[in-house]
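Please examine the sequence and the three-dimensional structure shown below. The paragraphs that follow lead from the whole chain to some of its individual elements.

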Amino acid sequence: MKKFFTMILVLVAALALVGCGEKEFKVDGEFSAFEVSVHRGAPMVTSVTVTVQKGKIVKYFIDARQGTATKDAAGKITAVAWNAKTKKELGNEYGMKGVGPEFKFEGGAWTQVEGGTSKKEWFEQANAIEAFWLANGHDACEVVDERISNVAGVTVKDGGYIKLAAAAVANAKAGKVVVFEHSAHYNGTANLTWVELVVENGKAKSIFIDCLQSTLAADGSGLVWNTKSKKQLGNDYGMKGSSAIGKEWFEQANAIEAEILANGPDAIKVNAEGVITGIAGVSIKDGGYTKLAKAAYKAAGLSTSAAKK
């Protein structure tokens, strides 16, 4: 009898461990992953966002923002600019349906339909991929010759969507919210600034600010993204020598992060010239850092005035 009772206790304990097992997604919110690239000599950023509610993925969202290049009389690219609308925001105005080439997948291979044009707009195909992921998982897509081959109504190439979906899901599991913003640089190039917020037990655990800049190729072929971000450049970024307070960009970004983590993004003050004030060791302009931090807190369901306590 004693042996039987012991076995019951073991079984109950085992069931309790399963029932109280570690949740796959500990934090509800919106979790993104992005990748920069170059499209026809101009900047491009592609992203996938995963929405988690009550510990489950309830939505995927794919989008991309492209840019436009300005050329001189010789055809060389002299400047670039971000487009005002993303591919999703453009909708039918993107111009794939009835204009782009038509492809069909038969016998395990893609072929172009002679004289045919695309039957679906980009946003419609993106929507179909999102729905497929939600029903089957982000890793269920198959790709043949760069094109997604097992989603009905989809003939577009995998523009990094599958890889980004996996990264977004990984961020969701880690409780890492990523929010980014495109901007123009004074010299006719492009910037991409982002904030990463890690949430643990309902509170902000860490925050990270960074920015990737770009240049224009000397041969006039267009934009080239820098191989290192401002944080990665460290002292090589070259701000310290011209800084009135003798601080490099990464040092000032670290100080801003510490202030946000301690007192929330609402605590950041900016003067009429756009310079961040009231933080020791900081004299740089607010390059969208405060807005992005607030957006990250909101995406994670945190109060923007909440401190890490």
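Helices, in this account, are DSSP runs of at least four residues marked H or I, numbered from the N terminus. The structure shown is a predicted model. With this definition in hand, one may turn to the end of helix H7: just after H7, Gly-301 adopts a positive phi of about 75°. Helix H7 itself covers residues 289–299. Which residues of helix H7 are buried? They are Tyr-289, Thr-290, Leu-292, Ala-293, Ala-296, Tyr-297 and Ala-299.

The C-alpha trace of the chain spans about 95 × 65 × 30 Å along its principal axes. The chain has 309 residues, of which 41% count as buried. Among contacts with a separation of 6 or more, 52% are made by residues 24 or more positions apart.

The surface and the charges can be described next. The chain exposes about 16,500 Å², and 54% of this area is supplied by carbon and sulfur atoms. There are 37 positive and 33 negative side chains in the chain. How far apart do the centres of the two sets lie? They lie 6 Å apart.

Two strands illustrate how a hairpin is built. Strand E6 (residues 101–106) and strand E7 (residues 109–117) run antiparallel and are joined by five bridges. One of the residues in these strands, Pro-101, has Thr-117 in E7 as its bridge partner. Two residues lie between E6 and E7 in this hairpin, and Gly-107 in the turn has a positive phi of about 60°.

A further group of strands forms an open sheet. Its three strands follow the order E10-E11-E12, with antiparallel pairing. Which strands lie at the edges? Strand E10 (176–184) and strand E12 (203–212) are the edge strands, since each pairs on one side only. On average, neighbouring strands of this sheet are turned by 15° against each other, direction ignored. Strand E11 (residues 190–200) runs antiparallel to E12, and nine bridges join the two. Within this part of the sheet, Trp-194 stands opposite Asp-210 in E12. When following a strand by eye, the reader may note that in a regular strand the side chains alternate between the two faces of the sheet.

Note on methods:
Residues numbered from 1 in each chain as written. Predicted model: local features only at pLDDT ≥ 70, side-chain atom pairs only at ≥ 80, totals over all residues. Heavy atoms only, no water. Buried < 20%, exposed > 50% of the residue type's maximum accessible area, 1.4 Å probe, protein only. Contact = heavy atoms within 4.5 Å. Areas by Shrake-Rupley, 256 points an atom, 1.4 Å probe, with all protein chains shown as cover. Lys, Arg positive; Asp, Glu negative; His and termini not counted. Charge placed at Lys NZ, Arg CZ, Asp CG, Glu CD. Pairing = 2+ DSSP bridges. Axes fitted to C-alpha atoms, helices over the stretch in contact; angles between N-to-C directions.
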